[in-house]
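Please keep the sequence and the structure in view while reading.

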Amino acid sequence: MTVSTPPDGEQPVAPPPDDRDPWRPPSPDHGPAPTPWGPPPTGLSPTGLPLAPRPGNGMAVSALVLGVLGVVLALPVVLFWVAWLPALLAVIFGSVGLGLARKGRARGKGMALAGVLLGVVGLLGAIVGGVVFATVVHKANDDASAWIEKAKKSAEAEKKARHPSFGDSYTFGNGLKVTVAEPRPFVPDGYVLGHAKGNKAVQVTIKVVNTGTERVEIETGLPSVNDADGASTELVIDGSGRQKVLKGYVLPGREVVGKYAFSLPPDAADRMEVEFTPDAKRWERTYWSGPTGLTGK
């Protein structure tokens, strides 16, 4: 660099600033020396020193792990009651981790965001699982209530069916349809057992029809008779041959008839009940009831 020499009597003129050596210390008259490289490179502080690395983000890591756990637990609907807790913690920890990352106090912004999103998915899955579970339980409860009500009504209907009136029929589980006719007055002959003097005798007629496709055996052919007050009666046996005990097999489509006589005390009620079952070991007794047929006799 050259400096021109001025004519005699004039002060020398300094070269323009652009011609100065950039490495030369600045003079007090011209301010600070220009910076030849511009702003400091990335990773350096304004003073030119390296920046300290930001610490790890434990909240972000926890959020990610808890978010994955919440989603996994939410997949089986029955585990909804477990999935909500890690999913909720993932949202909380992820939000804290995001705040730290935005303030530059920690790394892992993407990890924290992923934890928050997974936590939200886990919470939604837990909510859906809870709704599904509640719906299933409610439906099962309704079905159980309906079944109990149906069974109750069926039991009541069966109980009512096993208490028919005289002249009505009841079909047992083996296919035998039994009908007890209304009792009729019975007059024993001279040779009689089970009938005291002054008592009233009635005849009970029982008809049995086999409605099934196989022959069925009648194991118990004797009925029991009580009056409306619960007083039991005695079976009347005489020599007239009018009584017939139900016993043996009944072929499909065939019917058999049994006839019995019972002795009632003079003060017996005007109504009576006949108990009968074709097999006491398998089928409950059925109770036919109605007037004794002795009114005015």
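Predicted model: local features only at pLDDT ≥ 70, side-chain atom pairs only at ≥ 80, totals over all residues.

## Nonpolar surface patch

Helices are DSSP runs of H or I with at least four residues, numbered from the N terminus. In these terms, H2 is the element that gives the most to the nonpolar patch, contributing 5 residues. The patch covers about 480 Å² and is made by Met 59, Trp 84, Leu 85, Leu 88, Ile 92 and Val 96.

Met 59 is found in helix H1, which spans residues 58-74; with a relative accessible area of 32%, Met 59 is partly exposed.

## Aromatic pairs

A pair of aromatic rings is described by the distance of the centres and the angle of the planes. Searching the whole structure gives 2 aromatic pairs. In one of them, Phe 80 and Phe 133 are tilted, at 5.4 Å centre to centre and with 40° between the planes. Because Phe 80 lies in helix H2 (residues 80-102) and Phe 133 in helix H3 (residues 109-161), this pair ties together parts that are 53 residues apart in sequence. Phe 133 is partly exposed, its relative accessible area being 40%.

Tyr 170 and Phe 172 have ring centres 4.9 Å apart and planes at 85°, so their pair is edge-to-face, given that angles over 60 degrees count as such. Tyr 170 is buried, with a relative accessible area of 12%, and Phe 172 is buried as well, with a value of 4%.

## A charge over a ring

A further ring contact involves Arg 215, whose charged end sits over the ring of Tyr 249 at 4.0 Å from the ring centre.

Conventions:
Residues numbered from 1 in each chain as written. Heavy atoms only, no water. Phe/Tyr/Trp six-rings, centres within 6.5 Å; stacked < 30°, edge-to-face > 60°. Helix = DSSP H or I, 4+ residues; strand = E, 2+ residues; numbered from the N terminus. Buried < 20%, exposed > 50% of the residue type's maximum accessible area, 1.4 Å probe, protein only. Lys NZ or Arg CZ within 6 Å of the ring centre and 35° of its normal. Patch = residues over 30% accessible without salt bridge, like charges linked within 9 Å, V, L, I, M, F, W, Y side chains within 5 Å. Areas by Shrake-Rupley, 256 points an atom, 1.4 Å probe, with all protein chains shown as cover. Salt bridge = Lys/Arg side-chain N within 4 Å of Asp/Glu carboxyl O.
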